[in-house]
Amino acid sequence: MTCRHPAPATAPHPLDPLDAAELKTARHVLEEAGKVSPSTRFALVLLDEPGRHEAAAHRPGRPFTRRLRVTLLDSATGAAAEALVDVTGGVLLSHRALDVAAEGQPQITFEEYGIVDAIVKADPGWRAAMAARGVTDTELAICGPLAAGSLLLDRPGRRLLRSLTWLRCDATDSPWAHPVGGLVADVDVIERKVVRLVDTGPVPVPAECGRYTADSTGPARTDLRPLEITQPEGPSFRLDGPLLTWQNWSFRVDFNAREGLVLHRVTHRDGDRERSVLHRASLAEMAVVYGEAEESRNWVGFLDAGEYSLGRNANALRLGCDCLGEIRYLDAVVADDLGNPETLPNAICIHEEDTGLLWKHTDIFNDMAAESRRARRLVVSYIATVGNYDYGFYWYFQQDGTIAFEVKATGVVQTSAVVPGAGSPHGTEVAPGLLAPHHQHLFCVRLDVAVDGLANTVEERDVVPVPEGPRNPGGNAFTTRTTVLADSADGGRTADPLAGRVWRITNPRVRNRMGEPTAYTLVPQPGPVLLARPGSPAARRVAYGTRHLWVTRHRPDRRYPAGDRPNQHPGGAGLPQWTTGGESLEETELTVWHTFGSTHLPRLEEWPVMPVEPMGFTLKPTGFFDRNPALDLPRETAGHCAPPPPERS
């Protein structure tokens, strides 16, 4: 079952998601101030979120001010600006021109997708290059609008996109099956022309079609029987507007055009205490960096949140396909390219899942008496499609106090063309002449931590063997080694699976019953960090990907790990600037940035559409509770788990 009816309205809160009226007000204020012309595009509109202390101090019914940060782009001149609008009072608070050569370009607008396609297809040089490859009918060609990276060409400040070309057998075919090799067009989207064409020579266009829909893959299996998930009494969670409560958990659900799903003020009720864990949690950036060496492809790499506005690319989720069970969907409201409100229907999915056994013990000294409890988790998720890839983002809340985050990557691998059978050391030939290049997905989650309050410290903890000797006569002993991350210069860390390395977020001012600081532990699923060479354009722009963990002092303007505007930024913004040293990280307000992901060496089994590849991390309570917080779960009463009937006398 599913329900799309809006949740009961609650008193307005400073952290509520943006609504249509606020977006209309922001646009009206800017128009009245003379800041909007027919060529003005709203590249990004976000809530200017209140500070931690302001949000914590708010009480229902109290007035507050809502401000929006608006990034403007003049599509006729390329000029850009950032405005701050008070939509409560209807006032323009500030407006400043952006130096796009130094600060980076605004995000790519949806309008520019079509602009790039039209410009490239009209270019005589591109048409001649296609003819040299035997393609004269270009109606079914796709000229993709790809972020230009740090490309500046001859004039800093140019608004550029790069374009690779793919073909289709017909309108229903997958373009990723037919990449046009050796050809890339650099497009100035303001001047509306191709300013450079790179052509390294024709390569045969792969001919095999890449369809994967049911009507193109042969007879479906017939041995699957229905699997139904029902909750006859409804779900166990409660939605009061954006406020979500479930099994002692409480948090506010938000969504924005850049990051997508955002969670605010995550707390856990412990007896009669409401204890904070996180002030804010979001996927702040994600990079897809490709590893081909060939000139027309060695620049390919994207920052999907900072360049493409990940949240705006959210899917409309469907019951039984994307989500299963007793579902509650939430719509999201974002600004379109003209600054008008756009509703993304069914953007967020909320439901519960059975996840197997939570805890069990059979008492061999008490007639094999067994006690067990099944585990259930709350799932808050959304799915976004950016080009060829689809990403599912899932926050999991568990009954034992654990939080987890998982990304499921699926969709279609990006492709390039090679001579059939030639292969490449930089990819996998998944069909004749069709190369799926090696690449990395590097996600960076921003965690504004608040473990039992804001006075937090992060410790790195390794498991180490004790040297043989009087302290370890049997040679079997091991212990832990703890390194306090005391200064911002210590904030960039790499995982070490051989040492079982984890990072504990502690509150030294709050102690558990054993006298130790309360804590949550970040448990990584480590993989390779960024493999691009130091000093390369990719390494400069995706510097956050060179470490699995970063810890910084919390600052309101430290929002994104690769900086506010990574589009055409030369690199070095964000985390590299905030971790130079000299800031204390002990017992203070912290942001923990965790990088994780996949180094993807494509398989034949991932063509023509890719089974999901999961990746993520876990936050586990570590001395946060005084004992197992799931002891109070009731016994299961249904099916085989029901207690046996009493014996008759």
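Reader: How many helices and strands are there in the protein chain?

Author: Good place to begin! This is a predicted model, where local features need pLDDT of at least 70, side-chain atom pairs count only at pLDDT 80 or more, and totals for chains, interfaces and linings use all residues. Residues are numbered from 1 along each chain as its sequence is written, and side-chain values use heavy atoms, leaving out hydrogens and water. Helices (H or I, at least four residues) and strands (E, at least two) are DSSP runs, numbered from the N terminus. In the protein chain the count is seven helices and 34 strands.

Reader: What share of the residues in the protein chain is buried?

Author: Buried means under 20% relative accessible area, with a 1.4 Å probe and protein chains only. Of the 649 residues in the protein chain, the buried share is 52%.

Reader: Which residues touch the most other members of the largest nonpolar core?

Author: A nonpolar core is a set of buried Ala, Val, Leu, Ile, Met, Phe, Trp, Tyr and Cys residues joined through side-chain atoms within 4.5 Å. The largest one has 109 residues, and strand E16 (residues 273-290) gives the largest share of it, seven residues. The members touching the most others are Phe 393, Trp 395, Phe 397 and Leu 447.

Reader: Which residues does a second, separate core include?

Author: This separate core has 17 residues. Among them are Leu 23, Leu 47, Leu 72 and Ala 83.

Note on methods:
Buried < 20%, exposed > 50% of the residue type's maximum accessible area, 1.4 Å probe, protein only.
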